[in-house]
Amino acid sequence: MPASIPSAPHRLFVVLGDQLDYQRFLPADFDPKTDLFWMAEASEESTHVRSNKHRIVCFLAAMRHFRNHLNDGQIPLLYHELDKGESSLSGLLGQDLKQLKPRLVSVVKPGDYRVEEALRKTVEEHRAKWEVREDEHFLCTQAEFEEHAQGRKSLRMEFFYREMRRKHDVLMDGKDPVGGAWNFDKENRESFGKQGPPPSPMVRGCSPDALTQEVIDLVNQRFPDHPGDLRQFIWPVTPQQAEDALTQFIEECLPCFGRFQDAMWTDEYTLFHSLLGSPINLRLLDPRKVIEAAEQAYLQGSAPLPAVEGFIRQILGWREYVRGIYHLRMPEYREMNFLEADQPLPEFFWTGETDMVCMKSCLKQVLDTGYGHHIQRLMVIGLYSLLHGVRPGEINDWFLANYVDAVDWVTTPNVVGMSQFADGGIMASKPYSATGAYIDRMSNYCKKCRFQPKESTGPDACPFTTLYWDFLDRHRKRLGGNQRLAMQMRNLVRLSEEKLAEIRKGADSLRRPS
Ligand code: SF4
């Protein structure tokens, strides 16, 4: 039996779909007689970018499990299920504020600036007090990040990460990093070679329970035109499922994770990657627990240091860093376009129908499953978008829509900044640009492709390679002074005018296919 709802609550505590923190949701001063939790499944959150069905199910199923947890604990909760009236979060909240007239509406710092602004305006319109609380899920507070950023000409994740290692005493040997180095990436860049990947765990993920199956049916019926094939849904939507996924990763995948973290192989979707981004971002899994489990694996000798350090860097370093940048730089960050990229997102991003085997493979995978690992995101899909010159806002929305772990604070710095270099170097010191030869080295995609990764012109030219040279050529002035691109720019100068003219023509026809 759910708890009864106070008819005139003093305070409303909003819980958003990615704030399902079973450990920390209850404020110390919560009074069930006068306070009320508020949650809503707003369809606009699935349609403002055309979200993948897997992503929608992750959010809704996790929210409904969390709702049941609150009901079981007799915590007063007002919960709106999908499609019962208003479609927007702010519209639903506005209706309730009109009726309930609470004095205060409180929310943990939202991970989407758009949502925070919409809710704040609604609350102010209804003359209630608006309170944003610190998000204790993260290890670094916003004030700490601002302190780190203050006075620095440029921010680099590496320095932030070292500070976090010291502060939280992770992989430390006194004042020094364990193993004598902060970073072992040189040992983390292996490809699979001709023989292909070693056997990876066959069964990954969780089976949907009855409640999740109900949500799967609802999403199939309510969002039939959205991408995603829900016949296989593997994502954790409860803390227990998330913990099971963590255990499987630590035991079966972490030992090989580092070596092969940048490698790709046709029809091998998950390889040794963690699949933990979604449950961590939903708050079902505490990042401290994830870091501790990985560190223990190293201390007990069941996983090598380069793998453990590389994985911990993602959670303790990169994840905290991108969140800090997001809140520091929004709202202007989302609009940045340093390279003045002006191309629309090619239609094949929504179908996967292209002759480029690498793109087809990575796109179809994410459209069907809502998942792709980081190198498929950065060095195939993101790289193509960068070289093609897609408008950063469009590719950012595409990433936000399609990945199960996508929330605006995650995708915007990773896509606008890291992958598209649209922030002019806030996130990364140079654009991640490469020819098809990189993809050839790290995967078997090119073996099955009609294009030749080394060719930049002619009928067999690899689109990545053509667009790479064209990219450097178009941005000679903007990027010519970047020391980290010096070698690439020197190679550009070696191309003859005739060759460059052919490359430009090829790139134009890729951008405007007849
Ligand atoms: Fe991709 Fe080019 Fe390789 Fe084809 S040849 S798979 S387009 S990198």
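Select aspartate 112 and arginine 114: the two form a salt bridge, with the closest N and O atoms 3.1 Å apart. A salt bridge here is a side-chain nitrogen of Lys or Arg within 4 Å of a carboxyl oxygen of Asp or Glu. Aspartate 112 counts as buried because its relative accessibility is 10%, while arginine 114, at 30%, counts as partly exposed. The cut-offs are under 20% relative accessible area for buried, over 50% for exposed, and partly exposed in between (1.4 Å probe, protein chains only).

The model is predicted, so local features need pLDDT of at least 70 and side-chain atom pairs count only at pLDDT 80 or more, whereas totals for chains, interfaces and linings use all residues. Residues are numbered from 1 along each chain as its sequence is written, and side-chain values use heavy atoms, with hydrogens and water left out.

Next, select arginine 64 and glutamate 41, a salt bridge with its closest N and O atoms 2.7 Å apart. Arginine 64 is in helix H2 (residues 53-72) and glutamate 41 is in the loop between strand S2 (35-40) and helix H1 (44-47), so the pair ties together parts 23 residues apart in sequence. Helices (H or I, at least four residues) and strands (E, at least two) are DSSP runs, numbered from the N terminus. Both arginine 64 and glutamate 41 are buried.

Move to arginine 165 and glutamate 309, whose side chains meet in a salt bridge (4.0 Å, N to O). This pair links distant parts of the chain, 144 residues apart: arginine 165 in helix H6 (residues 157-168) and glutamate 309 in helix H11 (residues 305-329). Arginine 165 is buried at 0% relative accessibility, and glutamate 309 is buried at 0%.

For a network of salt bridges, select Asp470, Arg474, Asp508, Arg511 and Arg512. The whole structure has 39 salt bridges.

Now turn to the rings. There are 29 aromatic pairs in the structure. Rings of Phe, Tyr and Trp (its six-membered ring) pair if their centres lie within 6.5 Å; planes under 30 degrees apart count as stacked, over 60 as edge-to-face and the rest as tilted. Phenylalanine 13 and phenylalanine 37 are a tilted pair, 5.7 Å centre to centre with 35° between the planes. Phenylalanine 13 and phenylalanine 37 are both buried.

Finally, select Phe348, Phe349, Trp350, Tyr384, Trp398, Phe399, Tyr403 and Phe464, which ring pairs link into a cluster.
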